[in-house]
Amino acid sequence: MAVKSARRVKPSQQRSSKASNIKLLKSPKVAFAFALLLCDAVLVALIIAYVPYTKIDWDAYMSQVSGFLDGERDYSNLKGDTGPLVYPAGFLYFYSAFQYVTGGEVYPAQILFGVLYIINLGIILFIYGKTDVVPWWAMSLLCLSKRMHSIFVLRLFNDCLAMMLLHASLVSLLHQRWHLGLIIFSGAVSVKMNVLLYAPPLLLLMLRAMNIGGVISALSGAALVQILLGIPFILSHPFAYISRAFNLGRVFIHFWSVNFKFVPEPIFVSKAFAISLLIAHLGLLTAFAHYRWCMQEGGLFKFLYSRLDPIKFELALTSSFSLKKSYNSHSSIKVLSKEYIVTTMFVGNFIGILCARSLHYQFYSWYFHSLPYLLWKTPFPTLLRVMLFIGVEFCWNVYPSSLYSSALLLCLHLVILVGLWSAPPEYPYVDNKALTEDKDK
């Protein structure tokens, strides 16, 4: 009935959508966003033309891709200058395409990554425009990072591609396209595993937006992407593929740590330190979920009980593999607001960043584009928000990182986390009228 009703009002929805789009195009924030894209495109071109390229991983990527294209399917034999291949199979497919387009040469690759940088920035500006949390002038902070420009066009790290796909999946979630969003999300995971830091908040959002059948269907689609991408390696050398591509126990080199350089190396590499950070990570996620993200239901556990009620679970499970039913099953469930979706995803990822044992310089891309949003979600005055942003950027530009820069970065992260905790919890849903207008945007 809900679907039929939505269809009956489709002409009015289209008129509302056109009016909304015209209003959006006339917004000064949109004009400012386009100006930022243009100015940053010019800046990226100048950086590529005049700033020397830094050789780090690109040659290793090309060596690993060449082995794959030559027919090697044993992950333990796919290696480069910087070591063995440690990324899932999607990385090989994407970088095989990059090699085909660029011929494996650095300069064309820089141009390609410059395009990826602008596309990613455009996606982020779109997300910021949809949520309307950050004032128009503060969006310029997204274009002022020396480190981010370096990561994209001077280092050519695969983190750039993974985060662009992650942000694209977030756009799908903002438009309530959960199955598509999960497929793109899985594609991002197949490039680099850091995207899994978004998985806990994403699962919570899915439980809100769909019934259990819809959640199972969406997760099955994401799992299918991983299986299809990994089939050549799973069929030939499954252990080598799974142990290398999905290794969650790697210990990074203490020297390159940007966040915990002040921790003595014997402690840094110890299992006790890793377990402590994992406990802190899970504890903070649980606390935010219980007292912030699920506050309207009386906490995380009451929310989970309401969604995972045994009777509801049994009924939903019987239809979980009917794609049409599972896709539309959330029509009877309230739709999540865009701000709630973005806040939950960004905060969940930031908690993972805070508790990561080692952040290398390219890992800044994992959360940089969410920083202005997170800062403007805190109750801090504007001057303090800007100072915190500058402080974080400063720490990421200290090379090599020092005891003091890493300690300062941790303190700044903790201040931001306290600010996010102090912010009032958001109401997660939009009303029916807003939903009707939003579906065709």
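Let's begin with a pair of helices: helix 5 passes helix 6 in a right-handed crossing. Keep in mind as you look that this is a predicted model. Helix 5 covers residues 89–102 and helix 6 covers residues 106–131, and the two pack at an angle of about 125° with their axes 9 Å apart. That angle is why helix 5 counts as oblique to helix 6. On the helix 5 side, the contact is made by Tyr95, Phe98 and Thr102, while helix 6 brings in Pro108, Ala109, Leu112, Phe113 and Leu116. Sort the residues in this contact by class and you get seven nonpolar, one polar and no charged.

Two other pairs are worth a look. Here are the numbers for them:

| Helix pair | Axes come within | Crossing angle, roughly |
|---|---|---|
| Helix 10 (residues 199–209) and helix 18 (residues 338–354) | 8 Å | 155° |
| Helix 20 and helix 21 | 9 Å | 150° |

How does helix 10 run relative to helix 18, roughly parallel or roughly antiparallel? With the axes crossing at roughly 155°, helix 10 counts as roughly antiparallel to helix 18. Pro201, Leu202, Leu204, Leu205 and Arg208 of helix 10 make this contact with Tyr340, Ile341, Thr344, Met345 and Gly348 of helix 18. By class, that gives seven nonpolar, two polar and one charged residues.

Now for the other row, where the axes cross at roughly 150°. Because of that angle, helix 20 is roughly antiparallel to helix 21. Helix 20 passes helix 21 in a left-handed crossing. From helix 20, Leu388, Gly391, Val392, Phe394, Cys395 and Trp396 meet Ser405, Leu408, Leu409, Leu412, Val415 and Ile416 of helix 21. The class count for this contact of helix 20 with helix 21 is ten nonpolar, two polar and no charged residues.

Stay with this pair for a moment and find the loop between helix 20 (382–396) and helix 21 (403–422), which holds Pro400. Most peptide bonds are trans. The bond from Tyr399 to Pro400, though, is cis, with omega near -10°.

Next up is helix 7. How many of its nine residues are buried? Eight of them are, so helix 7 is mostly covered. The buried ones are Arg147, Met148, His149, Ser150, Ile151, Phe152, Val153 and Leu154. They pack against helix 3 (28–50), helix 6, helix 8 and helix 20.

Most residues other than glycine have a negative phi. Leu156 follows helix 7 and has a positive phi, near 60°. You'll find Leu156 in the loop between helix 7 (146–154) and helix 8 (158–174). Is Leu156 buried or exposed? Leu156 counts as buried, because its relative accessibility is 0%.

Gln176 is another such case: its phi is positive, about 65°, although it is not a glycine. Gln176 sits in the loop between helix 8 and helix 9 (178–189). Its relative accessibility is 9%, so Gln176 counts as buried too.

Conventions: Residues are numbered from 1 along each chain as its sequence is written. This is a predicted model: local features need pLDDT of at least 70, side-chain atom pairs count only at pLDDT 80 or more; totals for chains, interfaces and linings use all residues. Side-chain values use heavy atoms; hydrogens and water are left out. Helices (H or I, at least four residues) and strands (E, at least two) are DSSP runs, numbered from the N terminus. Buried means under 20% relative accessible area, exposed over 50%, partly exposed in between (1.4 Å probe, protein chains only). Axes are lines fitted to C-alpha atoms, for helices over the stretch in contact, and angles run from 0 to 180 degrees between N-to-C directions. Angles under 35 degrees count as roughly parallel, over 145 as roughly antiparallel, 65 to 115 as roughly perpendicular and the rest as oblique. A crossing is left-handed if the near helix is turned anticlockwise from the far one by less than a right angle, and right-handed if clockwise. Contact means heavy atoms within 4.5 Å. Ala, Val, Leu, Ile, Met, Phe, Trp, Tyr, Cys and Pro count as nonpolar, Asp, Glu, Lys and Arg as charged, and the others, Gly among them, as polar.
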